[in-house]
Amino acid sequence: MPVEDFSNEDSLEPISEASAPSERRLEDDKTASFNFWGGLSTVLAAAFIVATLFTVWTPGSVVESSLQARMAQALEPGPGGEILFEPEGVSDDQVNWENIGIVAGHYGFDPGAVCPNNVTEAELNLGIATLVQKMLTDQGYEVDLLQEFDSRLWGYQAAVVVSIHLDSCQYINDQATGYKVAAALSARDAVESQRLTQCLSTRYGEITKLPYHAGSVTDDMTYYHAFDEIDPRTMAAIIEAGFMNMDYRILTEQTDLVAEGIVAGIRCYIHDEPLQPSQSP
Ligand SMILES: [Zn+2]
């Protein structure tokens with residue numbers, strides 16, 4: 001509502017002009033009739049503005065209109081078509097979700113990276129994700145194994161979501177080995193988000209002995225679609241667990257170790273394990 005477009009001065013100007021025609025009409029017939037219609041239109045314009053002002057400026061109307069605006073905003077459907085309306089005073093941050101979501105990258109959607117022997121990223125991701133799920137379930141956690149574009153991801157609520165992906169099967173160079181981790185930029189709690197990234201990176205590196213492939217976190221990782229779909233209070237990260245070219249053997253022959261590294265990272269985050277600042281040997 002453009003309430004601030006009107007001021008007291010604006011409303012007074014047209015009203016004083018509106019009283020002028022009675023004096024001017026005495027001077028000349030031609031100008032008198034011109035002035036009469038001119039004056040009439042001014043009166044109508046002034047009346048219109050005053051009427052508008054009264055409509056806008058009824059007592060309490062500013063409060064009402066802002067409330068209306070908020071209601072309109074609140075009733076706008078969200079991405080899933082649901083009505084978003086969070087009553088004030090209800091804290092967003094007091095959540096206690098215990099389940100864990102594991103996304104098997106590309107699973108149910110596309111093959112992802114493909115090796116010359118036709119081994120696909122999707123099948124390796126699923127193998128790792130299934131092991132992660134089994135290990136965590138055996139330890140008493142409730143785990144959802146999710147597809148890349150799983151419909152459950154919309155508004156998904158969990159203690160943590162980790163999406164498992166792998167890097168290219170093409171030979172790039174001798175440095176194309178190792179893993180990287182990115183967290184959701186949109187996460188409400190940046191500190192928690194950072195801790196999740198650190199837990200996953202540290203524990204995965206400790207257990208698999210793979211190097212952290214610094215500097216290759218891509219936009220595909222930081223703007224990962226699932227980060228926008230889940231409930232913003234759900235902490236989420238994506239791990240590229242290794243390169244399918246140079247790390248092929250560990251990914252395919254030591255899958256237990258790979259899964260263990262991810263499990264340890266998740267446990268570190270959930271149990272708030274202290275992380276040592278990088279120790280020099
Ligand atoms: Zn991928």
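Let's start with a helix pair. In α5, Gly 127, Ile 128, Leu 131, Val 132, Met 135 and Leu 136 meet Thr 255, Asp 256, Val 258, Ala 259, Glu 260, Ile 262, Val 263 and Ile 266 of α10. Contact here means C-beta atoms, placed from the backbone, within 7 Å. By class, this contact has 10 nonpolar, 2 polar and 2 charged residues. Nonpolar covers Ala, Val, Leu, Ile, Met, Phe, Trp, Tyr, Cys and Pro; charged covers Asp, Glu, Lys and Arg; the others, Gly among them, are polar.

A word on the source. This is a predicted model: local features need pLDDT of at least 70, side-chain atom pairs count only at pLDDT 80 or more, and totals for chains, interfaces and linings use all residues. Residues are numbered from 1 along each chain as its sequence is written.

Helices (H or I, at least four residues) and strands (E, at least two) are DSSP runs, numbered from the N terminus.

Back to the pair. The axes of α5 (residues 121-138) and α10 (residues 255-270) come within 9 Å and cross at roughly 55°. Axes are lines fitted to C-alpha atoms, for helices over the stretch in contact, and angles run from 0 to 180 degrees between N-to-C directions. The two helices are therefore oblique to each other. Under 35 degrees would be roughly parallel, over 145 roughly antiparallel, and 65 to 115 roughly perpendicular; the rest is oblique.

Now the sheet. It is open, has 5 strands in the order β2-β1-β3-β5-β4, and its pairing is mixed. Strands pair if DSSP finds at least two bridges between them. β2 and β4 stand at the edges with a single partner strand each, so one side of each is left without a neighbour in the sheet. β1 and β2 run parallel, joined by 4 bridges. Ile 100 stands opposite Val 143, and Ile 102 has Leu 145 as its bridge partner.

Is β1 buried or exposed? 5 of its 5 residues are buried, so β1 is largely enclosed by the rest of the structure. Buried means 20 or more other C-beta atoms within 10 Å of a residue's own, exposed means 12 or fewer, and partly exposed is in between; C-beta atoms are placed from the backbone.

Most residues other than glycine have a negative phi. His 106 has a positive one, near 70°. Asn 118 is also near 70°. His 106 is buried, with 24 other C-beta atoms within 10 Å. Asn 118 has 8 such neighbours and counts as exposed.

Technical notes:
Contact = placed C-beta atoms within 7 Å.
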